[in-house]
Amino acid sequence: MTFEKTALDGVWLITPRRFGDARGYFMESFREDLFREHIGDIRFVQDNESVSSRGVLRGLHYQKDEASQAKLVRVSRGAVLDVAVDLRRSSPTFLRHIAVELSADNGRQLYIPRGFAHGFLVLSDTAQFQYKVDNAYCPAAEASVRYDDPDLAIAWPMAPGTEPLLSPKDLAALPLADAPLFP
């Protein structure tokens, strides 16, 4: 398993080793000892999974204050463009984002620490998206920033003239200027 620092403070790209033959492959998707050695002592408390179709955009989501969550995300079927946005005012990478293709084929994972908004756009016909979080879901602490906020300037790879498929929650997401941020 390789652990690579990204351009964003605290965000890591993790690539598990795959051992394959004619039957398929085997990989370790998480090892606590290696995670602790490279990233830190994070205790994941909940696993989540979503299945979405091409053009679905989920995000940019986060939980506020003490309910904030660190995430370890991966795709087990299909492909997505995964995006993390640093919302920590004290961070040297404040308001910068990273966009990484995660797919079942490349096996890559992204670790996103607390204080980030997160979202993804489905690039394949279907995508099965899995993630671990270090804090339980708290509906009262939910927050969302608009995926198309001009101050973030995220280049979502959509065909000209097409719009992503959004949930009602994502349609009501706040512009960055009105969103709660982290210290």
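Colleague: Which residues does D82 touch, not counting those up to four places away in sequence?
Modeller: This is a predicted model, in which local features need pLDDT of at least 70, side-chain atom pairs count only at pLDDT 80 or more, and totals for chains, interfaces and linings use all residues. Residues are numbered from 1 along each chain as its sequence is written, and side-chain values use heavy atoms, with hydrogens and water left out. D82 is found in strand β8 (residues 79–86); helices (H or I, at least four residues) and strands (E, at least two) are DSSP runs, numbered from the N terminus. Taking contact to mean heavy atoms within 4.5 Å, one finds that D82 touches V73, I98, A99, V100, L102, L110, I112, H118, G119, F120 and F129.

Colleague: How far from D82 is the nearest side chain of opposite charge?
Modeller: Lys and Arg count as positive and Asp and Glu as negative, while His and the chain ends are not counted. A salt bridge requires a side-chain nitrogen of Lys or Arg within 4 Å of a carboxyl oxygen of Asp or Glu. D82 is buried (under 20% relative accessible area, against over 50% for exposed and in between for partly exposed, with a 1.4 Å probe and protein chains only). D82 has no salt bridge, and the nearest side chain of opposite charge, K71, lies at a distance of 8.2 Å.

Colleague: With which side chain does the side chain of D82 make a polar contact?
Modeller: A polar contact is a pair of N or O atoms within 3.5 Å; within protein, one must be able to donate a hydrogen and the other to accept it, and residues adjacent in sequence count only if both atoms are side-chain atoms. At 2.7 Å, the side chain of D82 has such a contact with that of H118.

Colleague: Which residue stands opposite H118?
Modeller: Two strands pair if DSSP finds at least two bridges between them. Strand β11 (residues 116–122) is joined to strand β6 by 3 bridges, and the two run antiparallel. Within this pairing, the residue opposite H118 in β11 is H61.

Colleague: How many of the 7 residues of strand β6 are buried?
Modeller: Strand β6 (residues 57–63) is also joined, by 3 antiparallel bridges, to strand β13 (residues 142–144), where the bridge partner of Y62 is A143. Strand β6 is largely enclosed by the rest of the structure, because the number of its residues that are buried is 6.

Colleague: Which residue in β4 does D21 stand opposite?
Modeller: Strand β3 (residues 18–21) pairs with strand β4 (residues 24–27) in the antiparallel sense over 4 bridges. A hairpin of 2 residues joins these strands. The residue in β4 that D21 faces is G24.

Colleague: How many residues apart in sequence are the parts tied together by R114 and D134?
Modeller: The side chains of R114 and D134 meet in a salt bridge at 3.0 Å, N to O. R114 lies in the loop between β10 (109–112) and β11, and D134 in the loop between β12 (126–133) and β13, so the separation of the parts they tie together is 20 residues.

Colleague: To which residue does the backbone oxygen 2.6 Å from a polar side-chain atom of Q69 belong?
Modeller: Q69 lies in the loop between β6 and β7 (71–77) and counts as buried, because its relative accessibility is 12%. Among the residues that Q69 touches are R114, D134 and N135. The backbone oxygen in question belongs to N135.

Colleague: How many salt bridges are counted?
Modeller: D148 forms one with R146, the closest N and O atoms being 2.9 Å apart. D9, D86 and R88 are linked in a network of salt bridges. The count comes to 12.

Colleague: What radius of gyration does the protein chain have?
Modeller: The chain has 2 helices and 13 strands, and buried residues make up 47% of its 183 residues. The radius of gyration is taken over C-alpha atoms, and the globule rule is 2.2 Å times the number of residues to the power 0.38. A compact globule of 183 residues would have a value near 16 Å, and the chain agrees, with 16 Å.
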